[in-house]
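Here's a quick tour of one protein chain, with a stop at a pair of residues that touch each other. Have the structure open as you read.

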Amino acid sequence: MNDIVNELQAVPWPVVAPLIIIQFLLMVIALIDCLRRGGETKGPQWVWIVVIVFGGIFGPIIYFLFGRRND
């Protein structure tokens, strides 16, 4: 148990915490956008949801760059 606590204390939280918050916000915004568009995405909607959720910080960025259909 002390090993886990020591490892968590070694994490540079002032650097890591904003990245986690940005990743979470991007994921939520991308999911809301994808679900609101219904079937108006490039490719199947379920694939984009998987990319957004499991793509880490790059999943939502990839969705915004390549997944949205701008007709």
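Predicted model: local features only at pLDDT ≥ 70, side-chain atom pairs only at ≥ 80, totals over all residues.

The average pLDDT is 90, and 99% of the residues score at least 70. Among the elements, helix H3 (residues 45-54) has the highest mean pLDDT, 94, while helix H1 (residues 2-10) has the lowest, 86.

Now take Thr 41, which sits in the loop between H2 and H3. Is this residue buried or exposed? Thr 41 counts as buried because its relative accessibility is 1%, below the 20% cut-off. Leaving out residues up to four places away in sequence, Thr 41 touches Cys 34, Trp 48, Tyr 63, Gly 67 and Arg 69.

With 35% relative accessibility, Arg 69 counts as partly exposed. Beyond its neighbours within four places in sequence, Arg 69 is in contact with Arg 37, Glu 40, Thr 41 and Lys 42. Lys 42 is 27 residues away from Arg 69 along the chain, yet their C-alpha atoms are 5.8 Å apart.

| Side chain | Backbone oxygen | Distance |
|---|---|---|
| Arg 69 | Thr 41 | 3.3 Å |
| Thr 41 | Gly 43 | 2.9 Å |

Last, the surface. Ile 21, Phe 24, Leu 25, Val 28, Ile 29 and Ile 32 make up a nonpolar patch there, and together they have about 550 Å² of accessible area. One of them, Ile 29, is found in helix H2 (residues 13-37).

Notes. Residues numbered from 1 in each chain as written. Heavy atoms only, no water. pLDDT = per-residue confidence, 0-100. Helix = DSSP H or I, 4+ residues; strand = E, 2+ residues; numbered from the N terminus. Buried < 20%, exposed > 50% of the residue type's maximum accessible area, 1.4 Å probe, protein only. Contact = heavy atoms within 4.5 Å. Polar contact = N/O pair within 3.5 Å; in protein donor to acceptor, adjacent residues only side chain to side chain. Patch = residues over 30% accessible without salt bridge, like charges linked within 9 Å, V, L, I, M, F, W, Y side chains within 5 Å. Areas by Shrake-Rupley, 256 points an atom, 1.4 Å probe, with all protein chains shown as cover. Salt bridge = Lys/Arg side-chain N within 4 Å of Asp/Glu carboxyl O.
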